[in-house]
Amino acid sequence: MATDKELTDFLKSVEKRAFKRTAFAVRDDEAALDIVQDTMIRLAEKYADRPPAELPLLFQRILSNATMDWFRRQKVRNAIVSNLSDFEGNDDDGDFDLLETLQSMDGAMGAESAADAVSRGQILRRIEIEVGALPDRQREAFLLRYWEEFDVAETAAVMGCSEGSVKTHCSRAVHALAKALRSKGIVP
């Protein structure tokens with residue numbers, strides 16, 4: 001059973017990433033904040049008696065369900081739900097690893113000039129935009145695998161799909177991101 005401190009520490013550790021992930025999904029900061037807060041409340045009310053090791057997967061699953069519920073409510077209310085275009089991952093020229101690119105940028109930050117800092121900020125913003133443009137399932141798989149650092153099995157459990165589907169979604173997301181970033185002049 002998680003203590004109050006363990007639960008509080010866990011919620012503090014995931015709040016910013018959960019907000020960013022949800023904001024990517026719903027494209028509305030206020031709605032994303034509401035969804036994340038509701039998820040945190042639901043976790044604290046219904047699952048506080050669970051061991052601390054179970055909290056990350058429970059939280060991600062509740063967050064995914066709350067996000068889907070938000071979309072359903074928006075659709076029922078005849079609100080505009082953005083339709084994301086489906087990218088084709090037809091690149092055959094190798095793998096693009098976003099994390100390696102960001103890590104190499106971080107390694108050079110010690111002697112970073114103002115121009116480099118602005119350029120890096122623009123690149124990171126472009127990456128955020130491109131991640132936000134991914135189809136829902138690809139974006140969810142990508143963020144869970146590479147941002148939340150879940151393994152394939154954990155990601156499959158959160159998304160409610162097979163491990164093979166997670167691998168497919170991640171592969172398509174990585175290829176779509178690589179293609180979109182290359183078209184903007186951003187190369188690894």
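Here Ala, Val, Leu, Ile, Met, Phe, Trp, Tyr, Cys and Pro count as nonpolar, Asp, Glu, Lys and Arg as charged, and the others, Gly among them, as polar. With that in hand, welcome to a quick tour of this predicted model.

- By class, seven nonpolar, four polar and six charged residues make up the lining of the second largest pocket.
- The space in this pocket comes to about 270 Å³.
- Its lining counts 17 residues, and those nearest the centre are Arg 21, Ser 64, Thr 67, Met 68 and Glu 140.
- At least two lining residues come from each of helix H1 (4-26), helix H3 (55-76), helix H6 (136-147) and helix H7 (152-159).
- H3 gives the most to this lining, with seven residues.

**Cysteines**
- You will find zero disulfides in the structure.
- Cys 161 is in no disulfide, and the nearest cysteine sulfur, 9.2 Å away, belongs to Cys 170.

**Glu 130**
- Is Glu 130 buried or exposed? Its relative accessible area is 8%, so Glu 130 is buried, the limit being under 20%.
- Leaving aside residues up to four places away in sequence, Glu 130 touches Leu 177, Ala 180, Leu 181 and Lys 184.

Note on methods:
Residues numbered from 1 in each chain as written. Predicted model: local features only at pLDDT ≥ 70, side-chain atom pairs only at ≥ 80, totals over all residues. Heavy atoms only, no water. 1 Å grid on protein atoms, 1.4 Å probe; cavity = no way out; pocket = protein on both sides within 12 Å on 5 of 7 lines; lining within 4 Å. Points joined across faces, edges and corners; volume = space filled by probe spheres on them. Helix = DSSP H or I, 4+ residues; strand = E, 2+ residues; numbered from the N terminus. Disulfide = S-S within 2.5 Å. Buried < 20%, exposed > 50% of the residue type's maximum accessible area, 1.4 Å probe, protein only. Contact = heavy atoms within 4.5 Å.
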